[in-house]
Structure formats: C-alpha cells, structure tokens
Amino acid sequence: MTSLAQQCSADGENIPVDQFCELLESIVLLLRGMGSMMSTAFSDVAEKAEIMRRNKKFMLELLQKAHAISLNATIDEEIALGVIECNGDNNKKKLDKSKYTSWEGTYNSTGRNLVRMWWLTKFLTKLLDNLINQHNLSLVSSCQDAYTAGFADHHPWLVRKGAGLAMMAAGQKEALIAKWGVTNVEEARPALEHFTKLRDQLHQLLSSRNLLDLP
C-alpha cells in the first residue's frame, strides 16, 4: 500500500488512474482487517474504484484519449463534456433531453466519486496519524476521531449512526497491526507521509475546479 500511495502522489498534476484504483482496493483490504462491520461501512470504496476504471476505459475506447490519461485529465474532460455532476441517478436533472438515451444518460462521473475518495484520504491520514503518534488512543477512539475528520460533515445522521456502531467493533490496535503484517506501527509512517501528500493533492485538484461540493 505504501508503494501505491507513493506512486499516486508522485505528481499531483497527473495522478494515475490505475494505481489510484489499486490503492483504493488495498485500502479495502486494510479495512477488512478491522472487522466485518468496518468492511461493510466502507464497502462502496471498491465500487468507486471500478467506476473510475470503467470511465478510463470509456475515455480510451470511445473518446480516443491517451492510455496514460490521468485522474486530472479525466475530470477536465468530464467538465468539458458537461457530465461532471452526473452520478447515474441524477442524470436527467443535469442533462439536456437529447442526451437521455446516449452514453451521458447513465454516466457516473469520476469527479463525483473522487470527492468521496478525498474524504477517505482525510479519514485514513487521520487514522494513521492517531495510530502512529497518539499512543494513548484506543483503536476505537482513533477511528471515531478519523471519521469526524473525514466523513462526519458529509453524512446524514443515519449513516453516522451506522458508522459509529461499526467503529465500536473495530477491535484492538495490536491485533490490527498484526493483520497489517507489521511488527510496529511506526513502520506505517512512510504510508502516512504519502497519504498526506495525496490527500492535499486531491484537495487541490478538486478545489481548483470548484468541485469539492459535487452532489
């Protein structure tokens, strides 16, 4: 995971789609180590990775874009095509009627999904920071604090309640560290550094295009 985070954060102007999707999938595996309820709470992460992959394939095959098209370029293309706000369910509200039966009618934008994954990087960086630097915090408290930093402001009450229950079942810090395959949580510090850099790059990407509040 550390290597993927490093690859994704190497160039904030050209964040690679494939490596970013692989990183999301590795995060899912990490969260599974925190119990079934935590895994369920973040079950849509893998789905969003698949959406981003599908959109890249669409850009390559139908729009004849370069194979190395980045997340940044994908989002700029979605803005130019007028589909950046589409989430697959709201498309008829966002599009002209002439596009209802075209590809735009079912398009689920990378930009919209990336906003949610930016929230995830805020959660993960805070969680890693707590585990590495706040030794007095339990895993449950670390997760709760990270959830507040990353997701709480964006989720309705019912979702926050469910996430709270999931975090209560997160288990013990020592057991999680063992499942991650490290002997000391300090070994995760490079991952924290790369995730922090990536978090800030995603914020810059989205904020510079006024996309932080995409529905």
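**Close-ups of a predicted model**

Cys 86 is tucked away: its relative accessible area is 0%, so it counts as buried. Keep in mind that everything in these views comes from a predicted model.

View 1. Cys 21 is another buried cysteine, with 0% relative accessibility. How many disulfides does the structure hold? The count is zero. A disulfide, after all, is a covalent bond between the sulfur atoms of two cysteines. For Cys 21, the closest cysteine sulfur belongs to Cys 8, and it sits 8.7 Å away. A pair has to be within 2.5 Å to count as a disulfide, so 8.7 Å is too far for a bond.

View 2. Helix H5 covers residues 71-81. Which of its residues are buried? They are Leu 71, Asn 72, Thr 74, Ile 75, Glu 77 and Glu 78. And what do these buried residues pack against? Four helices turn up here: H2 (17-32), H4 (44-61), H7 (110-133) and H11 (189-207).

**View 3. Helix H4 meets helix H7.** Two packed helices are described by the angle between their axes and the distance between the axes. For H4 and H7, the axes come within 10 Å and cross at roughly 145°. The crossing is left-handed. On the H4 side, the residues in contact are Val 45, Lys 48, Ile 51, Met 52 and Asn 55. They meet a set of H7 residues that includes Thr 110, Arg 112, Leu 114, Met 117 and Leu 120. Sort the residues of this contact by type and you get six nonpolar, three polar and three charged.

**View 4. Helix H7 meets helix H11.** H7 also packs with H11, and here the axes come within 9 Å, crossing at roughly 150°. Are the two helices roughly parallel or roughly antiparallel? Angles over 145 degrees count as roughly antiparallel, so H7 and H11 are roughly antiparallel to each other. H7 and H11 make a left-handed crossing. From H7, the residues taking part include Gly 111, Leu 114, Trp 118, Leu 124, Leu 128 and Ile 132. Among their partners in H11 are Arg 189, Leu 192, Phe 195, Leu 202, His 203 and Leu 206. This contact divides into 12 nonpolar, six polar and four charged residues. Look for Leu 114 in both of the last two views: that H7 residue takes part in the contact with H4 and in the contact with H11.

Note on methods
Residues numbered from 1 in each chain as written. Predicted model: local features only at pLDDT ≥ 70, side-chain atom pairs only at ≥ 80, totals over all residues. Heavy atoms only, no water. Buried < 20%, exposed > 50% of the residue type's maximum accessible area, 1.4 Å probe, protein only. Contact = heavy atoms within 4.5 Å. Axes fitted to C-alpha atoms, helices over the stretch in contact; angles between N-to-C directions. Left-handed = near helix turned anticlockwise from the far one by under 90°. Nonpolar A, V, L, I, M, F, W, Y, C, P; charged D, E, K, R; others polar. Parallel < 35°, antiparallel > 145°, perpendicular 65-115°, else oblique.
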